[in-house]
Amino acid sequence: MSKSAITVTVKLFAAYQEAFGIPELALEFPEGTPVKAVCDRLIAERPELAKWRDITRFGINLIFVEPDTLLQNGDEVVLIPPVSGG
């Protein structure tokens, strides 16, 4: 039996937003997909983002989560690369 698809909203910030030129995306994944797969997909589409893979933090529905946290249908995902400024 195949897994059903779920849809998540991905809010893009900093380097991710610059690479895609938009503030958010709606993406589909199979049920049981970890949040780190969002990052992997974005990097597959924009390889210049690969340098941020290991230092990006993940949030789901306004809560920081571990990369292996499973996505649920309707989740709002944020990828937070390091930021600098003063």
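This is a predicted model: local features need pLDDT of at least 70, side-chain atom pairs count only at pLDDT 80 or more; totals for chains, interfaces and linings use all residues.
Local features were taken at pLDDT of at least 70 and side-chain atom pairs at pLDDT 80 or more, whereas totals for chains, interfaces and linings use all residues. Residues are numbered from 1 along each chain as its sequence is written, and side-chain values use heavy atoms, without hydrogens and water.

The protein contains two helices and five strands (DSSP runs of H or I with at least four residues, and of E with at least two, numbered from the N terminus). Their order along the sequence is β-α-β-α-β-β-β. The radius of gyration, taken over C-alpha atoms, is 13 Å, close to the 12 Å given for 86 residues by the globule rule, so the protein is as compact as a globular protein of that length; the rule is 2.2 Å times the number of residues to the power 0.38. Of the 86 residues, 35% are buried (under 20% relative accessible area, 1.4 Å probe, protein chains only).

In helix H2 (residues 36-45), the buried residues include Ala-37, Val-38, Cys-39, Leu-42 and Ile-43. Their cover includes strands S1, S2, S3 and S5 and helix H1.

Asp-75 is buried but forms no salt bridge (a side-chain nitrogen of Lys or Arg within 4 Å of a carboxyl oxygen of Asp or Glu); Lys-11, the nearest side chain of opposite charge, is 13 Å away. The side chain of Asp-75 makes a polar contact of 2.9 Å with that of Asn-61 (a pair of N or O atoms within 3.5 Å, one able to donate a hydrogen and the other to accept it; residues adjacent in sequence count only if both atoms are side-chain atoms). A polar atom of the Asp-75 side chain also lies 2.7 Å from the backbone nitrogen of Gln-72.

Technical notes. Buried means under 20% relative accessible area, exposed over 50%, partly exposed in between (1.4 Å probe, protein chains only). Lys and Arg count as positive and Asp and Glu as negative; His and the chain ends are not counted. Contact means heavy atoms within 4.5 Å.
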